[in-house]
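User: I'd like to go through this one slowly. For every label, tell me what stands behind it.

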Amino acid sequence: MDSDTPTETLDVTGESCPMPVVKTKQAVDDLASGDLLEVHATDAGSVSDIDGWAAGTPGVELVDQSEQIQNDTTVYVHRVRVE
Amino acid sequence: MSSDAEAAPPDESRTDAAERIAELEARIEELEDEVATAAVAERDDEKSMVIVATQGTLDMAYPPLILASTAAAFGWDVTVFHTFWGLDILHKERSTDLKLSAVGNPNMSVPNAVAALPGMDRLATTMMERRIADNDVATIDELLETSLEIGVELQACQMTMDLMDYDDDAFYDGVTVGVGAATALAEMADADVQLLV
């Protein structure tokens, strides 16, 4: 499988702090080493929060963060690799 | 090595050197073990946080739970020690009906004399609840369930439980009861972060 294809996608759109980070952590716990998790969030704070979380959490690496416009709403896409 | 030493003509300096090498080799092995143990200890050295939650108003119930669940997401070992009005956060019924006070709240746009009128606390609470819902902020009971799920240790202070006349089964499943100040202090002494809310 292409290693850039997400193993799993987590939808936390419409959820606020601390849920995007907490649910990302819970999703990562269910994945295996090398898996890629893609997180979709609408919380603008999730950009800084998931970055900070990944930096301070052993065993995860933030691959990249991007923005998409879906139905006039900004969706923040975070891709996290499980190490 | 010893048979070599015996076979060789008695040469004290050579025997001494061989002994010395053996000693050093043993010491190197010992140090290697120590380094390995230290490396393992460092990996296991997860951060820890203890929060003392003393307030039971709707606004003050949030910070301990948000910080606790986020710290647990970092893999920290987290304990929240609830005492006095903070116990209401753990109370199955009361946690869903926490109030905001209109009196003495400088963020309310009405003078205290008006804020003290009957129904004003209810109004302030309703306004806050509506803002929470409009902004998709998790409710206190959602945060509480999530915190328990992610491994936060939620403790209820026994002395204040008795003072408030709360039974063990009034609290959410998973809440630790029967603890006191000494338990909290012992954990705080070892914690990396200690907060009083």
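User: First, the crossing of H1(A) and H2(A): is it right-handed or left-handed?

Analyst: H1(A) and H2(A) make a right-handed crossing. A crossing gets that label if the near helix is turned clockwise from the far one by less than a right angle, and it is left-handed if the turn is anticlockwise. Before we go on: this is a predicted model, where local features need pLDDT of at least 70, side-chain atom pairs count only at pLDDT 80 or more, and totals for chains, interfaces and linings use all residues. Residues are numbered from 1 along each chain as its sequence is written, with chains lettered from A and ligands numbered from 1 in the order in which they are written. Helices (H or I, at least four residues) and strands (E, at least two) are DSSP runs, numbered from the N terminus.

User: And what makes H1(A) oblique to H2(A)?

Analyst: Their angle of packing is about 40°, with the axes 9 Å apart. Axes here are lines fitted to C-alpha atoms, for helices over the stretch in contact, and angles run from 0 to 180 degrees between N-to-C directions. Under 35 degrees is roughly parallel, over 145 roughly antiparallel, 65 to 115 roughly perpendicular, and the rest oblique. The angle falls in "the rest", so H1(A) counts as oblique to H2(A).

User: Which residues make that contact?

Analyst: From H1(A) they are Pro20(A), Val21(A) and Thr24(A), and from H2(A) they are Ser46(A), Asp49(A), Ile50(A) and Trp53(A). Contact means that the C-beta atoms, placed from the backbone, lie within 7 Å. By class, there are four nonpolar, two polar and one charged residues. Nonpolar covers Ala, Val, Leu, Ile, Met, Phe, Trp, Tyr, Cys and Pro, charged covers Asp, Glu, Lys and Arg, and the others, Gly among them, are polar.

User: Now across the chains. Why are H1(A) and H3(B) called roughly parallel?

Analyst: The axes of H1(A), residues 19–29, and H3(B), residues 58–73, cross at roughly 30° and come within 9 Å. That angle is below the parallel cut-off, so the two helices are roughly parallel to each other. H1(A) passes H3(B) in a left-handed crossing. Val21(A), Val22(A) and Lys25(A) meet Ser69(B), Thr70(B) and Ala73(B) there.

User: How many residues does each chain bring to the contact between A and B?

Analyst: Chain A brings 14 residues and chain B brings 12 residues. On the side of chain A, H1(A) gives the most, with five residues. By class, that side has seven nonpolar, five polar and two charged residues.

User: In the sheet of chain B, what makes E4 and E5 edge strands?

Analyst: The sheet is open, with five strands in the order E4-E3-E2-E1-E5 and parallel pairing. Two strands pair if DSSP finds at least two bridges between them. E4(B) and E5(B) each have a single partner strand, so one side of each is left without a neighbour in the sheet. E3(B) and E4(B) are joined by two bridges, and Gln155(B) stands opposite Thr176(B).

User: Which strands are at the edges in chain A?

Analyst: The open sheet there has four strands, ordered E1-E2-E4-E3, with mixed pairing. E1(A) and E3(A) are the edge strands, each pairing on one side only. Five bridges join E1(A) to E2(A), and these two strands run parallel.

User: Why is Asn71(A) called exposed?

Analyst: The rule counts other C-beta atoms within 10 Å of a residue's own, placing them from the backbone: 20 or more is buried, 12 or fewer is exposed, and in between is partly exposed. Asn71(A) has 5, so it is exposed. Asn71(A) sits in the loop between E3 and E4 of chain A, and its phi is positive, about 50°, although it is not a glycine.

User: And what class does Phe84(B) fall into, by C-beta neighbours?

Analyst: Phe84(B) has 16 C-beta neighbours inside 10 Å, so it counts as partly exposed. Its phi is positive too, about 45°. Thr126(B), in H5(B), is also partly exposed, with 13.

User: How do you know that the bond from Cys17(A) to Pro18(A) is cis?

Analyst: Its omega is near 5°. Pro18(A) is in the loop between E1 and H1 of chain A. Most peptide bonds are trans.

Definitions and conventions:
Contact = placed C-beta atoms within 7 Å.
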